[in-house]
Amino acid sequence: ITEFIFNCLPWRYCMNSNLQSFVNNCAEIAKPDKIEWITGNGDQLESLAKIAMSTGEMIKLNEELLPNCYLHRSALNDVARVEGRTYICCRKEEDAGPTNNWMDPEKAYSMLTGIFDGAMKGRTMYVIPYSMGPIGSPFSKIGIEITDSIYVVLSMNIMTRIGDEVVRQLGDSNDFVRGFHSKAELNEENRYICHFPEDNAIWSVNSGYGGNVLLGKKCFALRIASYQARNEGWMAEHMLILGITKPDGITRYIAAAFPSACGKTNLAMLIPPEGYLAKGYKITTVGDDIAWIRPKDGYLYALNPENGFFGVAPGTNAKSNPNALASTRKNSIFTNVVLNKDNNTVWWEGMDKNPPVNAENWKGEKWDYRDGSKGAHPNSRFTAPAVNCPCISPEFENPEGVRLSAIIFGGRRARTAPLVYQSFDWENGVFVGSAMASETTAAATGAVGVLRRDPMAMLPFCGYNMGDYFAHWLEIGRKNKNVPKIFNVNWFRTDNEGKFIWPGFGDNIRVLDWIIDRCEGKADAIETPIGYLPRPEDINIEGLDISQEALREILTVDKEMWRKEAADIREHYKKFGDKLPQELATQLENLENRHPHVL
């Protein structure tokens, strides 16, 4: 088979012996009938789409209403990321840390080789060269994904930069992430997503769901890249990147991390209220999910390594996020949503109030919304090119990234965290991020108000010990003099009746405005035990149905709640043992001791 592969390769691929060896090894294990190299050529991709339609892997949608768009349905047992089957495989268990599942690499390779053995018999093995970030950018990294799924090929074409140009950029280098994926039998019991950070490798088997098989996304761009970043002196973060242009015409850039269900994509694609638009304010989107951040001249510059959006469909509509919805209008793939049989388009809960009558649900079954069942899976997705987004930043392809003015952390807290506060300094900001938490909603878990700590929104995605990850953040601050200011926001404060006080959505620009003014020394603040808070009069509420009294309420720091918060953070820190940086332990002590009459 090695000789067969060598003979079938175009000459340009044979230049890299490391790449050739990787493909050979995978083929010898999986035993495909055929190997096809993905060149990025439009005719090749169109041909693959036709094959996928003939097998039922993809369904072509209405060409006039949704040009070049497809519906994909994953297996019924394969509809989300599987954290319990996701492993960090490094030689020492302590290097994976307490927040990751660990497996010995030797054991993992042995087990996986058995599962992959012959998994591609009767199938074609596709070899996808891809770049995370613009090809040739100093930020960018190259990966090779081997897969037997056309859905993966077409999705990676949306989410990354693929094809011959990537291979030319790689040259004869051995610096590429080796991704090996097979749908195999889609067997839940043998489903594994294993990361080998010390080997630059990812093996994923028995899944066809995007988050488990689009290996450039969370697998590479966060779990492997966070390990690379620590070794190389940069940062791979689960953060959106947005540009805020103020009336002076200057655009400043913000990166922000939020756990799920906290409005991350809505903030990335925010549309300012009419009054702000009239004054010249504008929001542009650099990225909605992942930021690679590199130091340069004492500043931090951020780049979105992805080329598309992999968004949750339910709840996305013309009111909640018109820019995200517009991004899906062409060249997109929808997964596990409703098929409207009347016009061959798609629908999901929350899109509008007009569910189709003649329809199939995400399982492909005849569906009638009047029976009360859900038509789209709650985790149904759209995969859409970033270039489709009406507010995509003109700096999206900038190979040097954008210079950050601020970093924001946030969570869903009903009463504890104020609307916004600024950390005292970088070290204190790392403390704020390390303690990030959200309270669950009934829709998500069946229980309300359960607190889940998710440091920097990286809990499922950090590819090494999170105690060392905190230390890396602290080191970045020590080595760079002009790091961004760090803030925390909470759009979800509620009144005594459980109703949200702050309007959120586009009106969040009022808070971003104060944040930028703080970064530039143009706004006052009140020092409190947790950080610097705005004076109520410094948040513009003109045109809002919210009183100064209500604003003052969501800017309060409740002493009893913060006493409990400090105790909970102390418990949270225990899991990191002696890996917890002393600086963070000191920050917690400072919080507990600062202004005893308050805490």
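Is K217 buried or exposed in this predicted model? With a relative accessibility of 6%, K217 counts as buried, because the cut-off for burial is under 20%. The residue sits in helix 9, which covers residues 216-232. Leaving aside residues up to four places away in sequence, K217 touches M159, L222, D289, I290, E306 and F310.

The overall fold was examined next. The protein chain has 19 helices and 31 strands. Its radius of gyration is 24 Å, close to the 25 Å that the globule rule gives for 599 residues, so the chain is as compact as a globular protein of that length. Along the principal axes, the C-alpha trace spans about 75 × 55 × 45 Å. Buried residues account for 60% of the 599 residues. Contacts across the sequence were also counted. Among those between residues at least 6 apart, 72% join residues at least 24 apart.

The surface and the charges complete this overview. The accessible surface of the protein chain comes to about 23,700 Å². Carbon and sulfur atoms hold 47% of that area. The chain carries 65 positive side chains and 75 negative ones. The centres of these two sets lie 2 Å apart.

In soluble globular proteins, nonpolar side chains tend to be buried together. In this model, the largest nonpolar core has 157 residues. The residues with the most contacts inside this core are W292, F334, F409, W473, W502 and I515. A second, separate core has 34 residues, and C26, A27, M120 and Y192 are among them.

What does F409 touch, not counting residues up to four places away in sequence? The partners of F409 are M239, A257, G429, V432, G433, M436, M456, W473, I486, F487, N488 and V489. W473, in this list, is itself one of the residues with the most contacts inside the largest core.

Phi of M456 is near 50°, a positive value in a residue other than glycine. M456 lies in the loop between strand 28 (451-453) and helix 15 (466-479). At 0% relative accessibility, this methionine counts as buried. A positive phi also occurs at N331, where the angle is near 55° and the residue is again not glycine. N331 belongs to the loop between helix 12 (322-327) and strand 19 (333-335). N331 has a relative accessible area of 31% and is partly exposed, because that value falls between the cut-offs of 20% and 50%.

Q44 is placed in helix 3, residues 42-55. Its relative accessible area is 13%, so Q44 is buried. Beyond residues up to four places away in sequence, Q44 touches E36, W37, I38 and T39. N187 is found in a loop, between strand 9 (177-182) and strand 10 (192-196). At 26% relative accessibility, N187 counts as partly exposed. N187 and D78 are 109 residues apart in sequence. In space, their C-alpha atoms are 9.1 Å apart.

Technical notes. Residues are numbered from 1 along each chain as its sequence is written. This is a predicted model: local features need pLDDT of at least 70, side-chain atom pairs count only at pLDDT 80 or more; totals for chains, interfaces and linings use all residues. Side-chain values use heavy atoms; hydrogens and water are left out. A nonpolar core is a set of buried Ala, Val, Leu, Ile, Met, Phe, Trp, Tyr and Cys residues joined through side-chain atoms within 4.5 Å. Buried means under 20% relative accessible area, exposed over 50%, partly exposed in between (1.4 Å probe, protein chains only). Contact means heavy atoms within 4.5 Å. Helices (H or I, at least four residues) and strands (E, at least two) are DSSP runs, numbered from the N terminus. The radius of gyration is taken over C-alpha atoms; the globule rule is 2.2 Å times the number of residues to the power 0.38. Accessible areas come from the Shrake-Rupley method with a 1.4 Å probe; for residues, only the protein chains shown count as cover. Lys and Arg count as positive and Asp and Glu as negative; His and the chain ends are not counted. The place of a charge is taken as NZ of Lys, CZ of Arg, CG of Asp or CD of Glu.
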